[in-house]
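Hi everyone, thanks for coming.

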Amino acid sequence: MKKLIKGICLALALSSFVMKAQDKENKNLSIKVNKEESKEYIPAVRLINNPDGSCTFEKGRIPTLKHLNTTTFWMSNKTEDWEKNAHPAPRRQYVITLKGNIRFKVTDGSTFIIKPGTVLLAEDLKGKGHSWDMVRSKAWERLYIPIDENADDFFVKND
């Protein structure tokens with residue numbers, strides 16, 4: 001478990017470093033975060049289902065130094081065509097982008113961009129789900145961290 005936590009911390013630190021480099025090139029893609037809060041939280045976007053099963057999103061943050069209720073994680077740098085088409089999340093999970101800028105699209109056509117330094121919390125488990133494509137990126141490197149079934153996701157919605 002200690003190795004898992006160290007690995008996640010290292011991945012988040014690396015993604016923050018990459019994000020700073022990418023911010024210089026893509027300032028208009030940033031999710032704005034209050035600098036005071038940034039010491040205690042990491043910006044996040046959560047995909048959720050509406051009561052009718054459609055997918056939407058909300059912006060927020062996840063507090064730092066919380067122990068995540070997970071027992072495994074894996075990395076990916078491959079994408080298959082089906083992944084870019086609309087699909088629900090296969091499980092509740094954090095998706096930590098290490099490299100790449102990814103535009104997500106939800107049911108009503110609204111979009112948001114995830115880049116290194118912002119956590120995606122995928123909880124849209126029903127309906128058509130979401131789709132995504134790369135923006136100014138040729139590859140998407142990411143960590144998938146499943147959340148145990150009844151565990152708290154620690155997401156705090158922005159006001």
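So, which helices and strands each supply at least two residues of the lining of the second largest pocket? Keep in mind that what you see is a predicted model. The contributors are β3, α2 (81–84), β4, β7 and β9 (141–146). That pocket holds about 280 Å³ of space. Its lining runs to 19 residues, and if you want to find the centre, look for E83, H87, P90, Q93 and Y144, which lie nearest to it.

We've got seven strands in an open sheet, and reading across you get β3-β9-β4-β7-β1-β2-β10, with mixed pairing. The edges are β3 (74–76) and β10 (156–157), and each of those pairs on one side only.

Let's zoom in on one pair. β4, residues 93–99, runs antiparallel to β7, residues 119–122, and four bridges connect them. If you'd like a landmark there, I96 sits opposite V119 in β7.

Last stop, the arginine. R61 belongs to strand β2, residues 55–63. Is R61 buried or exposed? Its relative accessible area is 14%, and the cut-off for buried is under 20%, so R61 counts as buried. What does its side chain contact? The side chain of R61 makes a polar contact of 3.1 Å with the side chain of N158.

That's my tour, over to you.

Notes. Residues are numbered from 1 along each chain as its sequence is written. This is a predicted model: local features need pLDDT of at least 70, side-chain atom pairs count only at pLDDT 80 or more; totals for chains, interfaces and linings use all residues. Side-chain values use heavy atoms; hydrogens and water are left out. Two strands pair if DSSP finds at least two bridges between them. On a 1 Å grid over the protein atoms alone, a cavity is a set of points where a 1.4 Å probe fits but cannot get out, and a pocket is an open set with protein on both sides within 12 Å along at least five of seven lines; lining residues have an atom within 4 Å of a point. Grid points are joined across faces, edges and corners, and a volume is the space filled by probe spheres set on the points. Buried means under 20% relative accessible area, exposed over 50%, partly exposed in between (1.4 Å probe, protein chains only). A polar contact is a pair of N or O atoms within 3.5 Å; within protein, one must be able to donate a hydrogen and the other to accept it, and residues adjacent in sequence count only if both atoms are side-chain atoms.
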